[in-house]
Amino acid sequence: MDQKTDETAETGVAEPKKLTRYQRFKRRFRLSPVNRRRIERFKAHKLGYRSFVVFAVLFFVSLFAEFIANDRPLLVSYKGEILFPVLVDYPEEKFGGFLAVTDYRTPEIANEIKAHGWMLWPPIRYSYDTINKDYPGRIGDNGICLGYPAPPPWSSSLKLCDAPADQLARFNELGNTNWLGLDSQGRDVVARVIYGFRVSVLFGLLLTIVSSALGIIAGAVQGYFGGKVDLIFQRLLEIWNSIPELFVLLILSSLFVPGFWTLLGILMIFSWTSLVGLVRAEFLRGRNLEYVRAARALGLSDWQIIFKHLLPNATVATLTFLPFKLSGGIAALTALDFLGLGMPPGSPSLGELLLEGKKHLEAPWLGISGFVAVSIILSLAIFMGEAVRDALDPRKTFRMQGKS
Amino acid sequence: MADNAPLVDVRNLSVAFSDDAGTTRVVNDVSFHIDKRETVALVGESGSGKTVSAMSILQLLPNSASYPTGEILFEGKDILKLKPAQLRDIRGRRISIIFQEPMTTLNPLHTIEVQVGEIIKLHQGLSDSETRKRVIELLSKVGIRDPEKRLSAYPHQLSGGQRQRVMIAIALANEPDLLIADEPTTALDVTIQAQILELLKSLQKEMGMAMLLITHDLGIVRRMAERVYVMRNGEIVETGNTEDIFTAPKHPYTRHLIEAEPKGDPPAVDTSRPVVVETDNLKVWFPIKRGWLQKTVDYVKAVDGLSMKVRAGETLGVVGESGSGKTTLGLAILRLLSSEGPIAYVGNRIDGLTNKQMRPLRKEMQIVFQDPYGSLSPRLTVEQIIEEGLLIQNPELDEDGRRERVATALREVGLDPATRDRYPHEFSGGQRQRIAVARAMVLKPKFVMLDEPTSALDMSVQAQIVDLLRDLQKKNDLAYLFISHDLKVVRALCNYVIVMKNGKVVEEGPARNIFDHPQDDYTKALLDAAFNITVTHRAALAT
């Protein structure tokens, strides 16, 4: 297959003396053929590629959750003035009330605005912490009126209690529908799932990126400099890895007031070590490659060699693990939330939704919603991981190359 | 079956490989036969399909291989149609194989006894003690001294030549009818090559087996084979008795192969030229550390007291077997390894400089490595590879300036500048070595260390690279430090030669004197092994 002779390679396109700006741009960001084949193979993995597309769309959309599920209208026209309540906090004074921040869901304000203009609501008129005060309660098996949690309106178990006609009208209005019901504090489950998805994925991504970066740097330093640095670092890591992770996490998260960033920090303490060994091994192998030696002979400094020649090698090995780390990070956050050690009370979280479901077994819409949301995220991440793993498989990339 | 029927008869064989991109035919309608007790050589350059043809006899090709046409008759039965069990019966018992790379074909986790014994037990079903006896017998037959003591040795405790001997012992354990030797000596030093070939020849005579020799080295063919098939691009272009092929080659490609030997004369010695690099009593000692406190108990003396001089426009050849310290010497001179003793570059001491202080000098002292596959990063285009040094050493150049320099360097080494956007895997071995040379030359160095730049290449390509190096030297007044075990190339390129053994200089002098009147036995043995492929002066050689 290798039919090249050692004559001068045949002339291709004529050689331009100077490059246009566009050509320069294109050359700077071109992909090597190996990477192009990897992307092709990733796309060829149907399930994984579709998972990636779905995940990317969901994540992108959830970034704009405020425009999808919010207790403020997107646009308000009031007395000839166009207002943007999603982006700007207007005091209630503006509409004749007295609160510092307007609650557009209260009938007084809504009627006032409707009388002098109009409101454009997002598809779901609840934020993750909005309480649906219009829910009149439902009649239970023994005829008593029960409060929250409330089942979705399309379920057969919803028989509403008596309430004033205007409250019932508001509750039954299409935009106010609680598609997946209300949780035990009267908050809309759909809104909580949307915001919880966003928090989980952001958390997972951040954890993956930062802990991988730390792990790669640590592994790179160990592998490249070797010797004593490597020896001492490895022993430290062994000690570090032998600390019982779960208990330390529990202790730490009960010591600190948990929040997004503290949780990220706490989980980081242990998750960064997982890539160190891999990157270290890649570097130990890579630093003896002849082209790395040639780079040293050309006068490149240590850091230039690390970034230009060794990191790309190690990246391929680590990329395979990233989707799996992502799913691990999301699962860890969900687990902490489920145990009640996670995000502060009131914040949207899938783990908290699962915990609600466990507390209220009579309200299956809570547990089922949480379960479906978590399993969809984790499955998407795993499928993506499989596709990435296949795409980066060196046996497929270099199959039959250099065989005579 | 008639007694004069061929042992293996390959008829109209084609082999194709399929992958994502489609199907590629690698071997096209090839026919050859091997008679009993005869040695047949398949000759060709890399990529000619010779290995694939031979591997298909044992069905050792990966699953992506298919056989669109042809049959392979072994004693009248078509191997392509055999069931796996029947095939296993042939493999290792009737037909066995020796691979090119003795470093990787032995399992590093098993002792020699286990690895040689395995195949005996498998096919002959002997008891443990009988097997051991047979292993010892085989090991002594392939020329391993004290075989009883070597039984419990692991592969890493043996030298390359010894490993290849063990491989031969494994291949011959069941007294096969056919031995396939796939470049059996390419990875070995010339002296060991001669010993191994001698061993194969005598064992073949003793055991009465046939041998299929695959090689690109016509010197070996001439010495070993009775008949030759010349392959090119998956086809056999010429066949005949060895003598006929060598005395009257018909096909132009065969003629090209036979004539492709490094030729030409090195530059003349001129003591008036300035000295570029000089060392005096240079030592590279690696400490051996033992015990809990890592106390240094001894040293591996890789280079032990070496003094040398290279003048502008001259080539100093450093010759020796692997392990003699010649590459270590080169790396130490370029300060890529730490060493003791003065090193001077155009009169200035450089042995005390830090990495940072060395950096500006790097552009004047360059290096070309042995392996054109390993020395080019697969992720970078040719242009990126060549301009890497310019980015560091000539930061004043803008992009257009760099492009110009890269184009000039590519033209200098005989490549079209339009190929600059391609990646290394799109080039042949010789072209890659040209790229590696261009990477060194683009910085306009004064001194270049060439570390076996031709050893990984086919014979005919070697000659081209040698010509290229000589031209570049003349044009740019370069000083070369040429490190090689291949004396044919050294003779064509070097005007002064140092012969090294175990880190020490055995003999040195102007190249002509060394080649015409070698004084030391070791030098004589090297010369005989390289030019006549024979073993002489055994006492001076390692095994």
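Start by selecting both chains where they meet: 33 residues of chain A are in contact with 47 residues of chain B, contact being a separation within 7 Å between C-beta atoms placed from the backbone. This is a predicted model, in which local features need pLDDT of at least 70 and side-chain atom pairs count only at pLDDT 80 or more, while totals for chains, interfaces and linings use all residues. Residues are numbered from 1 along each chain as its sequence is written, and chains are lettered from A in the order in which they are written.

Now colour α2 (33–44), α11 (290–297) and α12 (302–319) of chain A, each of which supplies at least two residues of the side touching chain B. Helices here are DSSP runs of H or I with at least four residues, strands are E runs of at least two, and both are numbered from the N terminus. Which helix gives the largest share of that side? It is α11(A), with 7 residues.

Next, move to chain B and pick out an open sheet of 6 strands, in the order β17-β18-β19-β14-β20-β21, with mixed pairing. Strands pair if DSSP finds at least two bridges between them. At the edges, pairing on one side only, you will find β17 (365–368) and β21 (504–510) of chain B.

Zoom in on β17(B): 4 bridges join this strand to β18 (residues 447–451) of chain B, and the two run parallel.

Finally, show helix α11 (residues 326–333) of chain B, which lies across β14 (315–319), β18, β19 (479–484) and β20 (496–501) of that chain. Its direction is at about 150° to β19(B), taking angles from 0 to 180 degrees between N-to-C directions of axes fitted to C-alpha atoms, for helices over the stretch in contact.

How values were computed: Contact = placed C-beta atoms within 7 Å.
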